[in-house]
Amino acid sequence: MNLGDYLKKALAENWATGHFNASESDQFRAICEAAKDLNTIAIIGTSEGEAKHLGYFEAVALRDAFRKELGIPIFLNSDHHKSVEAAKKAVDAGYDSIHIDLSAEQYEKNVFGTKEIVEYAKNKNPQISVEGELGYLRGESKIEKEKITVKPEDLTNPDTAKDFVLSTGINRLAISVGNIHGISMDEPALDIDRIKKIREAVPKNVALVLHGGSGIPDGQIKAAIAAGIANIHINTDIRVAYAGALREEFSKNPDEVVPYKFDASAREAVKKIVKEKLILFGAENRI
Ligand code: G3H
Ligand code: ZN
């Protein structure tokens with residue numbers, strides 16, 4: 001089964017696949033091992049910054065190595081690639097999935113560039129899954145120190161979403177429904193009704209993606225899945241767990257210099273949070 005098959009299965013069975021970001025091989029391993037322990041698929045994302053740090057070819061090689069070692073489906077996504085050039089780089093390197101995010105551009109430019117990537121990617125690999133983004137998502141994957149307000153004009157319009165999907169040929173659509181990137185000062189309030197309306201407007205074979213999964217209360221996550229979300233992105237929670245465990249380790253053992261000793265607890269912390277999210281998404285035992 002390819003990623004598209006798992007997304008269709010998730011929608012039909014009312015659960016969501018988890019997408020987790022990695023910028024280090026340790027985080028990559030922790031995410032894959034968490035998925036293996038729960039008998040589910042792993043989707044690893046690298047943003048442009050994360051991919052630059054890890055390396056595009058290195059990320060593909062890690063995916064292949066963990067597939068071999070763990071024997072589970074592992075998919076690699078180019079998360080929030082904000083230019084056609086950057087997205088093409090991920091296609092060429094052998095990513096399974098491309099997220100071309102031109103949501104900050106004018107609608108026509110977004111359609112044009114997203115369509116270009118769909119054609120380019122499918123031409124190289126017919127199995128590839130392409131995600132486009134419509135609506136504006138505020139924040140960054142960190143603990144936000146200022147209050148972030150989602151404006152009505154940020155939100156995805158269901159009719160435009162239908163037009164966007166049909167005009168571009170994407171497989172997945174990232175939507176703005178009250179979600180933000182990062183852990184905000186206030187509790188986010190997802191517009192569940194809007195998710196339902198977008199789900200009704202967009203063809204069933206196109207998966208709806210919820211970004212900014214960190215900091216959203218469990219009840220809202222469950223309601224979003226019930227409304228038709230099939231993929232949820234988590235980054236900040238992983239970064240917070242990883243950095244927090246490293247800080248604690250160095251405060252307890254300030255003289256430790258052996259990387260595989262001082263970073264063991266950070267790997268475990270990432271594994272723990274990924275498992276919690278996968279269970280929350282209902283993704284256990286789905287392969
Ligand atoms: O694409 C990445 C995700 O949308 C991450 O969002 O940092 O709020 O978990 P988050
Ligand atoms: Zn995102």
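Biologist: Which residues in helix 6 meet which residues in helix 7?

Modeller: This is a predicted model, where local features need pLDDT of at least 70 and side-chain atom pairs pLDDT 80 or more, while totals for chains, interfaces and linings use all residues. Residues are numbered from 1 along each chain as written, chains are lettered from A and ligands numbered from 1 in written order, and side-chain values use heavy atoms, without hydrogens and water. Contact means heavy atoms within 4.5 Å. Tyr107, Asn110, Val111, Thr114, Lys115 and Val118 of helix 6 meet Thr160, Asp163, Phe164, Ser167 and Thr168 of helix 7.

Biologist: At what angle do helix 6 and helix 7 pack?

Modeller: Two packed helices are described by the angle between their axes and the distance between the axes. Axes are lines fitted to C-alpha atoms over the stretch in contact, with angles from 0 to 180 degrees between N-to-C directions. Helices are DSSP runs (H or I, at least four residues), numbered from the N terminus. Helix 6 (residues 107–124) and helix 7 (residues 158–168) pack at about 35°, their axes 9 Å apart.

Biologist: Which side-chain contact does Thr236 make with ligand 1?

Modeller: A polar contact is a pair of N or O atoms within 3.5 Å. A side-chain N or O atom of Thr236 is 2.5 Å from an oxygen atom of ligand 1; for His211 the distance is 3.1 Å, and for His80 3.2 Å.

Definitions and conventions
Helix = DSSP H or I, 4+ residues; strand = E, 2+ residues; numbered from the N terminus. Polar contact = N/O pair within 3.5 Å; in protein donor to acceptor, adjacent residues only side chain to side chain.
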